[in-house]
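This report is meant for someone meeting the structure for the first time. Please look through the sequence and the model before reading on.

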Amino acid sequence: MAAAMANSGERAVLEEEFKWLLQEEVHAVLRQLQDILREASHRFALPTTASGGADKQENFVLSMSGTDQVKGMLTLQGDALCQADVNLKMPKNNQLLHFAFREDKQWKLQQIQDARNHVNQAIYLLVNRDVNYQFKTGLEVLKLMDAVMLQLSRARNRLTTPATLTLPEIASSGLTKMFTPALPPDILVNFYINLNKLCLTVYQLHVLQPSTTKNFKPAGGSVLHNPGAMFEFGSQRYEVSHVHKVECVVPWLNDALVFFTVSLQLCQQLKDKISVFSSYWNYRPY
């Protein structure tokens, strides 16, 4: 009898603790998550004033220590490259080539745009559960955290995992038509985000003659193709002779990645607290 009463008392305490968790602590965590993710969203938008407006323009110098084969100056405005000046020193004759974006062109960085959209979707999920919303079960909280974590993981992955492209896809990209003077047929370029860095890869090519004795093996998709990679484009077959990669750190992308990590940790901590209640005396709050 005493043991039964003790178990009953413990269960009552547990139920009160769980009720407080659902009514108070969950909402405190949700408010904290909203604050962090709004900061992350602001990093992506970079408004010129507190009231909004056009995105601020930021200039970045692309370079690589120990080499001056490729240098670039880029202007980033939100999720778009609105200006690009690239100098390329050809290895054979040290000829200096210069390419710049046409004034009427800008290049959208889809990775940044997608990451921002996922952050805003996570905020939307949280705002829909305002302070007046009453969570009835732990399962409801777990489902919400899973949905928020999915959006945050997708946002982070868009920045940490650049798209794998084939060389023909790079050659046919609209990016090749943005430069003045036009890029020569033996030069390919690609811009992408990798973690907190803005990267530019320049591929120098040579044409494979029909009489070549090389076995032609088209390269598949990759973030970065190596010298020797072959592909066919139009009526010509090409081989990559030189690859130059330059990059620069974008500080606010680093901030965003930190915000994603902290937010995912908060979500997981709340999930763990909810799950703890299911482990005591077969107590199933959900």
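Proline 181 is found in the loop between E8 and strand E9 (187-194), where helices (H or I, at least four residues) and strands (E, at least two) are DSSP runs numbered from the N terminus. The peptide bond that joins threonine 180 and proline 181 is cis, with an omega of about -5°.

This is a predicted model, in which local features need pLDDT of at least 70 and side-chain atom pairs count only at pLDDT 80 or more, while totals for chains, interfaces and linings use all residues. Residues are numbered from 1 along each chain as its sequence is written, and side-chain values use heavy atoms, with hydrogens and water left out.

## The protein as a whole

The protein has five helices and twelve strands. Of its 286 residues, 41% count as buried, a word that stands for under 20% relative accessible area, whereas exposed stands for over 50% and partly exposed for what lies in between (1.4 Å probe, protein chains only). Among contacts between residues at least 6 apart in sequence, 66% join residues at least 24 apart, and contact here means heavy atoms within 4.5 Å.

## Strand pairing

Two strands pair if DSSP finds at least two bridges between them. Strand E5 (residues 80-89) is joined to strand E7 (residues 107-108) by two bridges, and these strands run antiparallel; leucine 81 stands opposite tryptophan 107 in E7. E5 is also joined to strand E6 (residues 96-101), by five bridges and again in an antiparallel manner, with leucine 88 opposite leucine 97 in E6.

E11 and E12 form a hairpin with two residues between them, and glycine 234 in the turn has a positive phi of about 65°.

## The helix pair H2 and H3

Two packed helices are described by the angle between their axes and the distance between the axes. The axes of helix H2 (residues 110-127) and helix H3 (residues 138-160) come within 8 Å and cross at roughly 165°; axes are lines fitted to C-alpha atoms, for helices over the stretch in contact, and angles run from 0 to 180 degrees between N-to-C directions. H2 and H3 are therefore roughly antiparallel to each other, since angles under 35 degrees count as roughly parallel, over 145 as roughly antiparallel, 65 to 115 as roughly perpendicular and the rest as oblique.

The residues that make this contact include Gln110, Ala115, His118 and Leu125 of H2, together with Leu144, Val148, Arg154 and Leu159 of H3. By class, the contact of H2 with H3 has twelve nonpolar, five polar and three charged residues, where Ala, Val, Leu, Ile, Met, Phe, Trp, Tyr, Cys and Pro count as nonpolar, Asp, Glu, Lys and Arg as charged, and the others, Gly among them, as polar.

## Individual residues and their surroundings

The table lists the accessibility of several residues.

| Residue | Relative accessible area | Class |
|---|---|---|
| Threonine 201 | 0% | buried |
| Lysine 143 | 56% | exposed |
| Lysine 177 | 55% | exposed |
| Leucine 195 | 42% | partly exposed |
| Glycine 228 | 32% | partly exposed |

Threonine 201 lies in strand E10 (residues 197-208). Leaving aside neighbours within four places in sequence, threonine 201 is in contact with Leu188, Val189, Asn190, Tyr192, Leu224, Val243, His244 and Lys245.

Lysine 143 has its place in helix H3, and its C-alpha atom is separated by 9.4 Å from that of lysine 271, which is 128 residues apart from it along the chain. Lysine 177, by contrast, is placed in the loop between helix H4 (167-171) and strand E8 (179-180).

Leucine 195 lies in the loop between E9 and E10 and has a positive phi of about 60° although it is not a glycine. Glycine 228 is found in the loop between E10 and strand E11 (230-233). Glycine 228 and valine 240 are twelve residues apart in sequence, and their C-alpha atoms are 5.2 Å apart in space. Apart from neighbours within four places in sequence, glycine 228 is in contact with Glu239 and Val240.
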